[in-house]
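Trainee: Could you take me through one part of this structure slowly? I would like a close look at the aromatic pair and the strands around that part of the chain.

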Amino acid sequence: MPQGTLEVLLVAAKGLENTDFLFNMDPYVILKCRTQEQRSSVASGKGTEPEWNESFVFTVSDGASDLTLKIMDSDVGTDDDFVGEARIDLEPLFVEGSLPPTVYNVIKDQEYRGEIKVGLTFTPEERVERGYNREENYGGWRESS
């Protein structure tokens, strides 16, 4: 399983279902990769067409196979509303190394609820070969040539 750094560029969303009836909604995104969770800023008053242009970095370790983007509507005084989510399979990214900003479907209750645009970059961790140094050491003293 690949290990390394996953950089997520959260660009924008469009066509989202408005969960606020009187006002424009204030969407934000919870990004989750295995046990790591990060949250975007709130796109105040941006409604169904929010833009973030924010970057997030995750450490990828064994077992990380997807990234979940959960879109929420920030509400004052009540619980935030769930707008929908997108799941991104990371396998193609591990092969390619980077994927340009791409549109993914936002789903809620197994129905299409808009789309979210995200760019991804994966930087593999350099594997250090565990072996012997070419330089010979004897009793703590380096042998000079």
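**A close look at the aromatic pair**

Mentor: Happy to! This is a predicted model, with a mean pLDDT of 89 for the chain and 86% of the residues at 70 or more. Confidence is highest in strand S3 (residues 36-39), at a mean of 98, and lowest in strand S9 (residues 137-138), at 52. Where pLDDT is low, the predicted coordinates should not be read in detail.

Now to your pair. Searching the whole structure turns up one aromatic pair, and its members are Phe-94 and Phe-122. Their ring centres are 4.8 Å apart and their planes make an angle of 65 degrees. Edge-to-face begins over 60 degrees, so that is the name for this arrangement. Phe-94 belongs to helix H1 (residues 91-96), while Phe-122 belongs to strand S8 (residues 111-124), so the contact ties together parts that are 28 residues apart in sequence. Both Phe-94 and Phe-122 are buried.

Next, follow S8 to its partner. Strand S7 (residues 98-108) runs antiparallel to S8, and eight bridges join the two.

Before you close the viewer, here is another ring to visit: Tyr-28 has the charged end of Arg-39 over its ring, 3.8 Å from the centre.

Conventions. Residues numbered from 1 in each chain as written. Predicted model: local features only at pLDDT ≥ 70, side-chain atom pairs only at ≥ 80, totals over all residues. Heavy atoms only, no water. Phe/Tyr/Trp six-rings, centres within 6.5 Å; stacked < 30°, edge-to-face > 60°. Helix = DSSP H or I, 4+ residues; strand = E, 2+ residues; numbered from the N terminus. Buried < 20%, exposed > 50% of the residue type's maximum accessible area, 1.4 Å probe, protein only. Lys NZ or Arg CZ within 6 Å of the ring centre and 35° of its normal. pLDDT = per-residue confidence, 0-100. Pairing = 2+ DSSP bridges.
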